[in-house]
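Please look through the notes below with the sequence and the model side by side. They take up the ligand site and then the salt bridges.

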Amino acid sequence: MSTKKLVINYEEFASPSEMLPEDQELVRLAVESQKGSYSPYSHFQVGAALKLANGLIVKGANQENAAYPSGLCAERTAMFWAGANYPDVAMETLAIAGSDHGVLCESPASPCGACRQVMAEYQKKHKKPLKVILVGSKRIRKFACVDDLLPFIFDSLSME
Ligand code: THU
(Lines give C-alpha, C1' and ligand atoms only; values in the text may rest on other atoms or scores of the structure.)
Protein backbone atom coordinates (compact mmCIF):
# COMPACT_ATOMS: atom_id res chain seq x y z
CA MET A 1 0.00 0.00 0.00
CA SER A 2 1.14 3.53 -0.67
CA THR A 3 -0.48 6.89 -0.07
CA LYS A 4 -0.71 9.19 -3.07
CA LYS A 5 -1.33 12.87 -3.27
CA LEU A 6 -3.32 14.66 -5.95
CA VAL A 7 -2.57 18.29 -6.76
CA ILE A 8 -5.20 20.49 -8.38
CA ASN A 9 -3.97 23.58 -10.16
CA TYR A 10 -6.01 26.67 -10.79
CA GLU A 11 -5.64 30.43 -11.01
CA GLU A 12 -7.56 32.83 -8.82
CA PHE A 13 -8.37 36.43 -9.69
CA ALA A 14 -9.77 39.11 -7.39
CA SER A 15 -11.53 40.83 -10.27
CA PRO A 16 -12.03 40.46 -14.06
CA SER A 17 -9.58 43.32 -14.65
CA GLU A 18 -6.73 40.94 -13.73
CA MET A 19 -7.74 38.56 -16.51
CA LEU A 20 -6.97 38.29 -20.23
CA PRO A 21 -9.33 40.50 -22.29
CA GLU A 22 -10.98 37.47 -23.94
CA ASP A 23 -11.62 35.91 -20.51
CA GLN A 24 -13.03 39.19 -19.20
CA GLU A 25 -15.53 39.09 -22.05
CA LEU A 26 -16.57 35.54 -21.17
CA VAL A 27 -17.03 36.53 -17.53
CA ARG A 28 -19.24 39.41 -18.62
CA LEU A 29 -21.28 37.17 -20.91
CA ALA A 30 -21.69 34.44 -18.26
CA VAL A 31 -23.16 37.02 -15.87
CA GLU A 32 -25.32 38.49 -18.65
CA SER A 33 -26.59 35.00 -19.55
CA GLN A 34 -28.21 34.70 -16.13
CA LYS A 35 -31.03 36.77 -17.64
CA GLY A 36 -32.10 33.63 -19.51
CA SER A 37 -32.35 31.57 -16.33
CA TYR A 38 -35.72 29.96 -15.66
CA SER A 39 -35.41 29.16 -11.97
CA PRO A 40 -38.76 29.65 -10.21
CA TYR A 41 -38.02 26.79 -7.80
CA SER A 42 -34.45 27.41 -6.62
CA HIS A 43 -34.22 31.15 -7.36
CA PHE A 44 -30.62 30.38 -8.21
CA GLN A 45 -29.77 31.92 -11.57
CA VAL A 46 -26.86 30.42 -13.45
CA GLY A 47 -25.42 31.76 -16.69
CA ALA A 48 -22.81 30.17 -18.92
CA ALA A 49 -20.72 31.47 -21.82
CA LEU A 50 -18.91 28.91 -23.94
CA LYS A 51 -16.26 29.94 -26.44
CA LEU A 52 -15.79 27.62 -29.40
CA ALA A 53 -12.64 27.18 -31.46
CA ASN A 54 -14.29 29.06 -34.35
CA GLY A 55 -14.66 32.13 -32.11
CA LEU A 56 -18.39 31.76 -31.59
CA ILE A 57 -19.61 32.31 -28.02
CA VAL A 58 -22.64 30.24 -27.02
CA LYS A 59 -24.74 31.36 -24.07
CA GLY A 60 -26.66 29.14 -21.69
CA ALA A 61 -28.79 29.43 -18.56
CA ASN A 62 -30.35 26.94 -16.15
CA GLN A 63 -33.86 25.76 -17.00
CA GLU A 64 -35.96 24.30 -14.21
CA ASN A 65 -39.13 22.22 -14.25
CA ALA A 66 -41.93 21.38 -11.80
CA ALA A 67 -40.74 17.79 -12.22
CA TYR A 68 -37.33 18.65 -10.76
CA PRO A 69 -35.06 16.19 -12.58
CA SER A 70 -36.37 17.41 -15.94
CA GLY A 71 -34.48 20.70 -15.60
CA LEU A 72 -30.97 21.33 -16.83
CA CYS A 73 -27.94 23.25 -15.59
CA ALA A 74 -26.75 26.35 -17.44
CA GLU A 75 -23.46 24.90 -18.60
CA ARG A 76 -25.12 21.83 -20.08
CA THR A 77 -27.64 23.93 -22.04
CA ALA A 78 -24.66 25.71 -23.64
CA MET A 79 -22.56 22.60 -24.23
CA PHE A 80 -25.44 20.56 -25.66
CA TRP A 81 -26.47 23.39 -27.97
CA ALA A 82 -22.89 23.71 -29.20
CA GLY A 83 -22.57 19.94 -29.52
CA ALA A 84 -25.78 19.75 -31.55
CA ASN A 85 -25.11 22.72 -33.82
CA TYR A 86 -21.33 22.66 -34.18
CA PRO A 87 -20.45 19.00 -33.65
CA ASP A 88 -16.99 19.33 -35.20
CA VAL A 89 -15.89 22.51 -33.45
CA ALA A 90 -13.87 22.16 -30.25
CA MET A 91 -15.01 23.84 -27.05
CA GLU A 92 -12.28 26.11 -25.71
CA THR A 93 -13.42 27.97 -22.62
CA LEU A 94 -16.55 27.74 -20.49
CA ALA A 95 -17.39 30.50 -17.99
CA ILE A 96 -20.09 29.93 -15.37
CA ALA A 97 -21.67 32.47 -13.03
CA GLY A 98 -24.26 31.74 -10.31
CA SER A 99 -26.49 34.20 -8.44
CA ASP A 100 -28.65 33.49 -5.43
CA HIS A 101 -31.90 35.50 -5.63
CA GLY A 102 -30.22 37.90 -8.05
CA VAL A 103 -27.00 38.41 -6.10
CA LEU A 104 -23.81 37.07 -7.64
CA CYS A 105 -22.25 34.54 -5.25
CA GLU A 106 -19.12 35.87 -3.55
CA SER A 107 -17.36 32.55 -3.96
CA PRO A 108 -18.01 31.04 -7.38
CA ALA A 109 -20.72 28.42 -7.75
CA SER A 110 -19.09 25.13 -8.66
CA PRO A 111 -20.45 22.90 -11.42
CA CYS A 112 -22.27 19.73 -10.40
CA GLY A 113 -20.83 16.30 -11.06
CA ALA A 114 -23.06 15.66 -14.09
CA CYS A 115 -21.88 18.87 -15.74
CA ARG A 116 -18.24 17.99 -15.07
CA GLN A 117 -18.81 14.62 -16.70
CA VAL A 118 -20.30 16.30 -19.78
CA MET A 119 -17.37 18.74 -19.95
CA ALA A 120 -15.00 15.77 -19.77
CA GLU A 121 -16.80 14.06 -22.65
CA TYR A 122 -16.47 17.03 -25.01
CA GLN A 123 -12.86 17.63 -23.99
CA LYS A 124 -12.13 14.01 -24.90
CA LYS A 125 -14.19 14.18 -28.12
CA HIS A 126 -12.31 17.22 -29.40
CA LYS A 127 -8.90 16.21 -28.01
CA LYS A 128 -8.39 19.74 -26.71
CA PRO A 129 -8.31 21.02 -23.13
CA LEU A 130 -11.55 22.71 -22.15
CA LYS A 131 -10.73 25.64 -19.86
CA VAL A 132 -13.27 26.47 -17.15
CA ILE A 133 -13.82 29.83 -15.46
CA LEU A 134 -15.96 29.99 -12.30
CA VAL A 135 -17.17 33.50 -11.60
CA GLY A 136 -17.82 34.95 -8.14
CA SER A 137 -18.04 38.57 -7.04
CA LYS A 138 -15.07 38.29 -4.67
CA ARG A 139 -13.00 35.77 -6.59
CA ILE A 140 -12.84 34.11 -9.99
CA ARG A 141 -11.21 30.73 -10.54
CA LYS A 142 -9.76 29.47 -13.79
CA PHE A 143 -8.97 25.82 -14.49
CA ALA A 144 -6.73 24.96 -17.45
CA CYS A 145 -8.63 21.75 -18.20
CA VAL A 146 -11.52 19.66 -16.92
CA ASP A 147 -9.14 17.16 -15.29
CA ASP A 148 -8.50 19.70 -12.54
CA LEU A 149 -12.22 19.77 -11.74
CA LEU A 150 -12.85 16.06 -12.22
CA PRO A 151 -9.86 13.90 -11.36
CA PHE A 152 -10.00 10.19 -12.25
CA ILE A 153 -12.43 10.97 -15.08
CA PHE A 154 -14.59 8.12 -16.32
CA ASP A 155 -14.28 8.12 -20.08
CA SER A 156 -14.60 5.73 -22.99
CA LEU A 157 -11.07 4.40 -22.32
CA SER A 158 -12.38 3.03 -19.04
CA MET A 159 -14.67 0.73 -21.02
CA GLU A 160 -11.96 -0.77 -23.22
N1 THU B 1 -27.12 24.87 -11.50
C2 THU B 1 -26.52 25.20 -12.67
O3 THU B 1 -27.18 25.60 -13.63
N4 THU B 1 -25.19 25.04 -12.77
C5 THU B 1 -24.38 24.71 -11.74
O6 THU B 1 -23.17 24.65 -11.93
C7 THU B 1 -24.95 24.41 -10.42
C8 THU B 1 -26.43 24.35 -10.35
C9 THU B 1 -28.57 25.09 -11.38
C10 THU B 1 -29.43 23.87 -11.31
C11 THU B 1 -30.66 24.41 -10.63
O12 THU B 1 -31.49 25.02 -11.62
C13 THU B 1 -30.13 25.49 -9.73
O14 THU B 1 -28.85 25.82 -10.20
C15 THU B 1 -30.06 25.10 -8.26
O16 THU B 1 -29.38 23.90 -8.12
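The points below begin with the basis of the model and then turn to the ligand and to charged pairs.

1. This is a predicted model, in which local features need pLDDT of at least 70, side-chain atom pairs count only at pLDDT 80 or more, and totals for chains, interfaces and linings use all residues. Residues are numbered from 1 along each chain as its sequence is written, and side-chain values use heavy atoms, with hydrogens and water left out.

2. A polar side-chain atom lies 2.9 Å from a ligand oxygen in Asn62 and 2.5 Å from one in Glu64, while for Glu75 a side-chain N or O atom is 2.6 Å from an oxygen atom of the ligand. Of the 370 Å² of accessible area that the ligand has on its own (Shrake-Rupley method, 1.4 Å probe), the protein covers 76%.

3. The whole structure holds 7 salt bridges, each a side-chain nitrogen of Lys or Arg within 4 Å of a carboxyl oxygen of Asp or Glu. One of them joins Arg141 and Glu12 at 2.8 Å, N to O. This pair links distant parts of the chain, with Arg141 in strand E7 (residues 140–143) and Glu12 in strand E1 (residues 11–13), 129 residues apart.

Conventions
Polar contact = N/O pair within 3.5 Å; in protein donor to acceptor, adjacent residues only side chain to side chain. Helix = DSSP H or I, 4+ residues; strand = E, 2+ residues; numbered from the N terminus.
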